Amino acid sequence: MNQKRAALKAAFPYTLPICAGFTFLGLAYGIYMNSMGFSFVYPMLMSLLIFAGSMEFVTVSLLVSSFHPLHAFLLALMVNARHLFYGISMLDQYRGTGKKKFYLIFGMCDESFTINCYNDPPAGVDKGWFMFFVTLLNHCYWFLGSTLGGLLGSLIHFNTEGINFVMTALFVVIFMDQWFHQKEHVPAILGVVSSTICLVGLGSGSFIVPSMILILLGLTLLRGRLQKEEGIS
């Protein structure tokens, strides 16, 4: 129990910025679902069982449109394709985590990936439990925000246009934090350059998967150098 408590205590500060973003966006999502005629049960269960913020927003339109399962499947695959690359990056990190691995895989989101991939827990804190509580806390923030938004949706009405920029701002903060805490900036520069090239060349609607592939190829080619810099044999 002390081991778990220590991991929870170590994980909590890392998730505080995520708490602010997830709670606010979760509220907006719950209110949005309520405005579309859904009770609070829908955002509550979707945030608990799906836990994919952008896809949950898209799911609202799928629920109110004609039933096209193949279209829904392909859309979900495209929206969440980046998680395929997240999973590849976390193979070594999740090794040896036991049964916690199942929840770590299910609960992986952009923010949890960033924290778990680039931050090590303090000395004496189990890495597996640290990653577990980072994932669990972020999941709880989204769940609570979505549920509260669904409950308050019938009482609060405001224009949510542009609210998704909060998530963009959150990613910028996470990126800058990692930039200042990491000595090696090649992966960050590679990510920015690859994404910019694909965005300019393919447009905002089609650049995500190609940029992920380009980043993966670049990191594969630079793997030896990066491991040498980090002292990994």
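# A guided tour from the aromatic pairs outward

Begin with the aromatic side chains: a search of the whole structure finds eleven aromatic pairs, a pair being two rings of Phe, Tyr or Trp (its six-membered ring) whose centres lie within 6.5 Å, with planes under 30 degrees apart counted as stacked, over 60 as edge-to-face and the rest as tilted. Select phenylalanine 132 and phenylalanine 133, whose ring centres are 5.4 Å apart and whose planes stand at 80 degrees, so the pair is edge-to-face. Both of these phenylalanines are buried, where buried means under 20% relative accessible area, exposed over 50% and partly exposed in between, with a 1.4 Å probe and protein chains only.

Before going on, note that this is a predicted model, in which local features need pLDDT of at least 70 and side-chain atom pairs count only at pLDDT 80 or more, while totals for chains, interfaces and linings use all residues. Residues are numbered from 1 along each chain as its sequence is written, and side-chain values use heavy atoms, with hydrogens and water left out.

Now select Phe22, Tyr29, Tyr32, Phe57 and Trp142, which ring pairs link into a cluster. Another tryptophan to show is tryptophan 129, with lysine 100 lying over its face at 4.4 Å from the ring centre; a charge sits over a ring if NZ of Lys or CZ of Arg is within 6 Å of the ring centre and within 35 degrees of the ring normal.

Zoom out and colour the chain by pLDDT, the predictor's confidence in each residue, from 0 to 100. The mean over the protein chain is 82, and 86% of its residues reach 70 or more. The chain has 13 helices and zero strands, these being DSSP runs numbered from the N terminus (helices H or I, at least four residues; strands E, at least two). Of the 233 residues, 36% count as buried.

In helix H9, pick leucine 152, which at 27% relative accessibility counts as partly exposed.

Next select helix H11 (residues 186–202), whose 17 residues should span 24 Å at 1.5 Å a residue, in agreement with the 24 Å between its end C-alpha atoms; the expected span is 1.5 Å times one less than the number of residues. Val186, Leu190, Gly191, Ser194 and Cys198 are buried in H11. Looking down the axis of H11, you will find its buried residues within an arc of 130 degrees, so they line one face of the helix, the arc being that of the directions from the helix axis to the C-beta atoms. Just after H11, glycine 203 takes a positive phi of about 95 degrees.

For a positive phi in a residue other than glycine, go to phenylalanine 51, where phi is near 50 degrees. Phenylalanine 51 is found in the loop between helix H2 (41–49) and helix H3 (53–63), and at 6% relative accessibility it counts as buried.

Finish with the charged side chains, among which the search finds two salt bridges, each a side-chain nitrogen of Lys or Arg within 4 Å of a carboxyl oxygen of Asp or Glu. Arginine 95 bridges to aspartate 92, with the closest N and O atoms 2.7 Å apart; arginine 95 is exposed at 57%, and aspartate 92 is exposed at 54%. Aspartate 120 bridges to lysine 127 with a closest N and O separation of 3.5 Å, and aspartate 120 is exposed at 61%.
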